Amino acid sequence: MKKAAQPQPFSQLLSLWLGSDHPKTIGSLVAISPKKSFGLVFLVLMAVPALPLPTGGITHILEIIVMLLAAELIIGRRSIWLPDRWLQRPVGRSMQRRTIPYLIRRLTWLEGRSRPRAAALMTSRFFQRLSGLIVLALALSAFLAPPFSALDTLPSLGVVIIALGMIVDDFLVWLIGLVIGLAGIGLIIGFGGLIVTAVRHIF
């Protein structure tokens, strides 16, 4: 009796997509794995604001898209829906040359060390909606972080790690992302409190 073929590692699927001759669009990226489309898009889009580098405001656009997709997850969608015009948008050259190769390396490393933990829970409709709610809160906090403060980094990194957990079905990885994201929200709230206190002292 033949053994069932092992599914191809997600990092290899992403690497094959990046090295193919097909147009690198959002739609083709989503098509890599429709069942993991939310985790994949969260991973790629939030990797940019997760880096403490100046991005010229592009991070706000990415965060808005992530919030919209998180809302889709909350209402129970199993796969991403985006307008055709958005799906046909090309993935930026900088993301193709730097961000995505970096993510492939990190994903390859994670796949070699993680294992499915609570996979049945993570693929349940309730948990998917919970993940959407958490991603929405973290992306919103990153969006509202004071400009040029780099305080959007931790919430964004939290989303990236949660997305990795969703891709490899590892609850421990997902939980680490949640903790990092909540720590980022705490820093933003604390920083906001300091600003309010300083303004009160001035006036």
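Colleague: Which side chains meet Arg77 and Glu72 in a salt bridge, and how is such a pair read?

Modeller: Side chains of opposite charge can pair when their charged atoms come close. In this predicted model, the side chains of Arg77 and Glu72 meet each other, with 3.8 Å from N to O. The cut-off for that distance is 4 Å. Arg77 is partly exposed at 34% relative accessibility, whereas Glu72 is buried at 12%.

Colleague: How many salt bridges does a search of the whole structure find?

Modeller: The search finds three. One of them joins the side chains of Arg117 and Asp170 at 2.5 Å, N to O. That pair links distant parts of the chain, 53 residues apart: Arg117 sits in the loop between H6 and helix H7 (119-122), and Asp170 in the loop between H9 and H10. Asp170 is buried, with a relative accessible area of 0%, while Arg117 is partly exposed at 25%.

Colleague: What does the salt bridge between Lys36 and Asp169 tie together?

Modeller: The N to O distance between the side chains of Lys36 and Asp169 is 2.8 Å. Lys36 belongs to the loop between H2 and H3 and Asp169 to the loop between H9 and H10, so the pair ties together parts that are 133 residues apart in sequence. Lys36 is buried at 18% relative accessibility, and Asp169 is buried with a relative accessible area of 18%.

Colleague: Let us turn to the helices. How many helices and strands are in the chain?

Modeller: The chain has 10 helices and zero strands. Along the sequence the pattern reads α-α-α-α-α-α-α-α-α-α. Of the contacts between residues at least 6 apart in sequence, 73% join residues at least 24 apart.

Colleague: Is helix H3 enclosed or open, and how many of its residues are buried?

Modeller: The threshold for burial is under 20% relative accessible area. In helix H3 (residues 37-47), 11 of the 11 residues are buried, so the helix is largely enclosed by the rest of the structure. Among them are Phe38, Leu40, Phe42 and Met46, and also Ser37 and Gly39.

Colleague: Which helices do the buried residues of H3 pack against?

Modeller: They pack against helix H1 (10-19), helix H2 (26-30), helix H4 (58-74), helix H6 (93-111), helix H8 (125-144) and helix H9 (153-168).

Colleague: How many residues does the largest nonpolar core have, and which have the most contacts inside it?

Modeller: The core has 53 residues, and those with the most contacts inside it are Leu14, Phe42, Leu69 and Trp174. The elements giving two or more residues to this core are H1, H2, H3, H4, H6, H8, H9 and H10. For the chain as a whole, buried residues make up 43% of the 203 residues. The chain exposes about 11800 Å², of which carbon and sulfur atoms supply 67%.

Colleague: Trp174 has come up. Which residues does Trp174 touch, leaving out those up to four places away in sequence?

Modeller: Trp174 touches Met122, Phe127, Leu130, Ser131, Ile134, Ile162, Gly165 and Met166. Trp174 is buried at 3% relative accessibility.

Colleague: Why are the rings of Phe171 and Trp174 called stacked?

Modeller: Planes under 30 degrees apart count as stacked. The count of aromatic pairs comes to four. For Phe171 and Trp174 the centres are 5.7 Å apart and the planes lie at 15 degrees, so the pair is stacked. Phe171 is partly exposed, with a relative accessible area of 26%. Phe127, Phe171 and Trp174 form one aromatic cluster.

Colleague: Where do Phe171 and Trp174 lie, and what separates them along the helix?

Modeller: An α-helix has 3.6 residues a turn, so residues three or four places apart point the same way. Phe171 and Trp174 are three residues apart in helix H10 (residues 171-202), a separation of about one helical turn.

Colleague: How far apart are Ser15 and Arg105 in sequence and in space?

Modeller: Ser15 and Arg105 are 90 residues apart in sequence and 9.5 Å apart in space, C-alpha to C-alpha. Ser15 is in helix H1 and is partly exposed at 36% relative accessibility.

Conventions
Residues are numbered from 1 along each chain as its sequence is written. This is a predicted model: local features need pLDDT of at least 70, side-chain atom pairs count only at pLDDT 80 or more; totals for chains, interfaces and linings use all residues. Side-chain values use heavy atoms; hydrogens and water are left out. Buried means under 20% relative accessible area, exposed over 50%, partly exposed in between (1.4 Å probe, protein chains only). Helices (H or I, at least four residues) and strands (E, at least two) are DSSP runs, numbered from the N terminus. Contact means heavy atoms within 4.5 Å. Rings of Phe, Tyr and Trp (its six-membered ring) pair if their centres lie within 6.5 Å; planes under 30 degrees apart count as stacked, over 60 as edge-to-face and the rest as tilted. Accessible areas come from the Shrake-Rupley method with a 1.4 Å probe; for residues, only the protein chains shown count as cover. A nonpolar core is a set of buried Ala, Val, Leu, Ile, Met, Phe, Trp, Tyr and Cys residues joined through side-chain atoms within 4.5 Å.
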